[in-house]
Structure formats: structure tokens, C-alpha cells
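Welcome! Let's walk through this structure together, one stop at a time. Take a look at the sequence and the model, and then read on.

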Amino acid sequence: MRPTSPEADKLPHAVLIIIDKITMLTKEDLRCIDSLLRDLMNNYKPFGGKVMIIGGDFRQTLPVVPRGTRADSIESCIKSSPLWSKFTQNKYSLR
């Protein structure tokens, strides 16, 4: 998403951002989301100061690394990102 796109114009007005299946994203994807929100909000707090709710099950789906090994998938996972420590974990199960 480009900062000048119509979709990006809506993000500063969002009170809450929800991302499901976050476990499929790579740590680079998470960094890009953080960078975009910081730029759009002109705020250098993590994710531009926006409240984020993320969901996913690391036991089910990890990022796909073309021709990568299992170790490559784990290394590209968002849990390997420095941003991971900015989240507070609440473990809920619908089962």
C-alpha cells in the first residue's frame, strides 16, 4: 500500500486495526506495516500509536519461504521480529 493511496487515507481515522492470520506474515511484512503507520500518523511510536489486535495460531500456519527450510520459515516468523515484544499476549481459545 502506498502512503498516497485511497486505502491509506482511511488508516489515520481508524481507532482499531485487526489482523487475522497474522502468523502467515513475515517479520518483514510486519516491519512494513509498522513503517507505513508511523509515516501516515507522523508518530514514531510502534505502529504509529494505533491499537492493533492480531490473531493466529503458530501451530497451524507459518510464513511460506520459497525453497526455504523449516528453520528459514521459523526465522522469518513475526516472533523473530523486534516488534514482537511490543505486543501483549492474551491467549484465548474458542474450542
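Predicted model: local features only at pLDDT ≥ 70, side-chain atom pairs only at ≥ 80, totals over all residues.

**A tour of the chain**

Residues are numbered from 1 along each chain as its sequence is written, and side-chain values use heavy atoms, with hydrogens and water left out.

Most residues other than glycine have a negative phi. Lys-21 counts as partly exposed because its relative accessibility is 49%; buried means under 20% relative accessible area, exposed means over 50%, and partly exposed lies in between (1.4 Å probe, protein chains only). Phe-47 also has a positive phi, near 55 degrees. Phe-47 sits in the loop between α2 and β2 (51-54), and it counts as buried because its relative accessibility is 4%.

Now step back to see the whole chain. Three helices and two strands make up its secondary structure, and from the N terminus on they run α-β-α-β-α. The C-alpha trace spans about 35 × 35 × 25 Å along its principal axes. Of the 95 residues, 27% count as buried. The chain exposes about 7,200 Å², and carbon and sulfur atoms supply 54% of that area; the areas come from the Shrake-Rupley method with a 1.4 Å probe, and for residues only the protein chains shown count as cover.

How far along the sequence do contacts reach? Among contacts between residues at least 6 apart in sequence, 63% join residues at least 24 apart. Contact here means heavy atoms within 4.5 Å.

UniProt, in an unreviewed entry, places the feature "domain: DNA helicase Pif1-like DEAD-box helicase" at residues 2-88. UniProt positions are given in the numbering used here, feature names are shortened, and annotations may be inferred rather than shown by experiment. Over residues 2-88 the chain is 31% helix and 9% strand, and the end C-alpha atoms are 28 Å apart.

Let's return to the loop between β1 and α2, where Thr-23 also lies. Is Thr-23 buried or exposed? Thr-23 is buried, because its relative accessible area is 2%. Setting aside residues up to four places away in sequence, Thr-23 touches Gly-56, Asp-57, Phe-58, Thr-61, Leu-62 and Pro-63. The side chain of Thr-23 also reaches the backbone oxygen of Thr-61 at 2.9 Å. That is a polar contact, a pair of N or O atoms within 3.5 Å; within protein, one must be able to donate a hydrogen and the other to accept it, and residues adjacent in sequence count only if both atoms are side-chain atoms.

Next comes Gly-55, in the loop between β2 and α3. At 23% relative accessibility, Gly-55 counts as partly exposed. Gly-55 and Ile-18 are 37 residues apart in sequence, yet 8.1 Å apart in space, C-alpha to C-alpha.

Our last stop is the segment after α3 (70-76), the place of Ser-81. Ser-80 lies in the segment after α3 too. Ser-81 is buried because its relative accessible area is 8%, whereas Ser-80, at 31% relative accessibility, counts as partly exposed. Leaving aside neighbours within four places in sequence, Ser-81 is in contact with Lys-27 and Leu-30, while Ser-80 is in contact with Lys-27, Ile-74 and Glu-75. The C-alpha atoms of Ser-80 and Thr-26 are 9.0 Å apart in space, though the two residues are 54 residues apart in sequence. To finish, look at the side chain of Ser-81, which reaches the backbone nitrogen of Leu-83 at 3.0 Å.

Technical notes:
Helix = DSSP H or I, 4+ residues; strand = E, 2+ residues; numbered from the N terminus.
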